[in-house]
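Hello,

Here is the structure I promised to pass on. My notes follow below it.

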Amino acid sequence: MRLVDLRSDTVTRPTAAMRKVMAEAEVGDDVWGDDPTVNRLQAVAAERFDFEAALFFPSGTQSNLAAMLTWCQRGDEVLVGADAHTFLHEGGGVAALGSIHSHALPNEADGSLDASVVRRAIKPKDLHFARTRLLALENTLDGKVVPQERLEAACAVAKQHGLATHLDGARLMNAVVKTGRSEAQLSAPFDSVSLCLSKGLGAPVGSLLLGERPFIDEARRWRKTLGGGMRQAGVLAAAGLYALEHHVARLADDHANAAHLASRLAGLAGVTVLPVQTNMVWLDLAPTLTTGFVARLAEHGVLASGAERVRLVVHLDVSRDDVEYAARVIHSLTSPRSA
Ligand code: TLP
């Protein structure tokens, strides 16, 4: 049976060309700082993002966690969007492992946090309150490119109050391709940025944390403590270097395929297609369709995630033809004849 996996852009498999550079990578022990390929990846990324340094992590979850552990002490507070991955999907790691208090603020429809809401959430110096230390934002968020001036306004408020700012830029390259602005421009308001290589960029493993040198030195300590010190990690870093070189511009194809999928699904009875900006298509299903919808899609080889709100993620391993197939399957499941 044909399989079109739209559950996430994390499901991509390394291409033959990527596997070749992985196989040929020069390696060393990265805990000793000896892996030349990891060092090259970190240097290339730091330069592209215009930060002093970068650090290679096994996952985005660990990269975000190390950043928050570095910025905050036990009992400090992080301000975060209620829809953010760091708040919702990282196992409460900041609380479980860092004794850090999260104050979740409502994300606006464009994915941003309103600067005035951020300002009101920053606690005064008073022993009743946790010390607000960090503002953590996300871009793209649920496939939305958060308007840069909104990110800047929220970060400006944070800085006025002495907070550090972190960006979960797991899919920042999708925003780069969508807006035509560089990764350095989109990262400029932030003290630290986490970028995933293992999502739309197609590497099998890995994320980069970027920041100034003292921050990265401290984050390296936390990475080791969290068990993220890897040894001959150059085989993985080689995939990351390849991804940064060859898989950024092509994200435009994913965006075009996602837009095409959305247009093919527009107007279907019981299905509201949310506006598409990058590589994610979200469908709000009428209650009559919700039960078993994702399971029925899977029976036809189309994998998706969600229930009332279904997420379809387009990526490197999904062609225009695959998207067409997925659209036909969804049409067949929502048309009255399929009932
Ligand atoms: N997101 C995954 C799931 O965990 C939900 C996905 O399929 O989208 N930041 C953002 C914005 C993410 O979407 C993810 C993964 C992460 C961080 C964590 O990255 P990993 O999976 O490498 O720990």
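How much area is buried between domain 1 and domain 2, and what percentage of it do carbon and sulfur atoms give? About 1200 Å² is buried between the two domains, with 56% from carbon and sulfur atoms. Buried area here is the accessible area (1.4 Å probe) that two parts lose on being put together, summed over both.

Some ground rules. This is a predicted model: local features need pLDDT of at least 70, side-chain atom pairs count only at pLDDT 80 or more, and totals for chains, interfaces and linings use all residues. Residues are numbered from 1 along each chain as its sequence is written, and side-chain values use heavy atoms, leaving out hydrogens and water.

**Domains**

Domain 1 spans 13–245 and domain 2 spans 250–334; the bounds come from an automatic or database domain assignment. Their C-alpha centres are 28 Å apart. Domain 1 brings 15 residues to the contact and domain 2 brings twelve (contact: heavy atoms within 4.5 Å).

Six residue pairs, both members at pLDDT 80 or more, are in polar contact between the domains. A polar contact is a pair of N or O atoms within 3.5 Å; within protein, one must be able to donate a hydrogen and the other to accept it, and residues adjacent in sequence count only if both atoms are side-chain atoms.

**Ligand**

The ligand is surrounded by 14 residues (a heavy atom within 4 Å). The closest are Ser-8, Gly-60, Thr-61, His-85 and Asp-168. A polar side-chain atom of His-85 sits 2.8 Å from a ligand oxygen. For Arg-171, the corresponding distance to a ligand oxygen is 2.9 Å. Asp-168 places a side-chain N or O atom 2.6 Å from a ligand nitrogen.

Best regards
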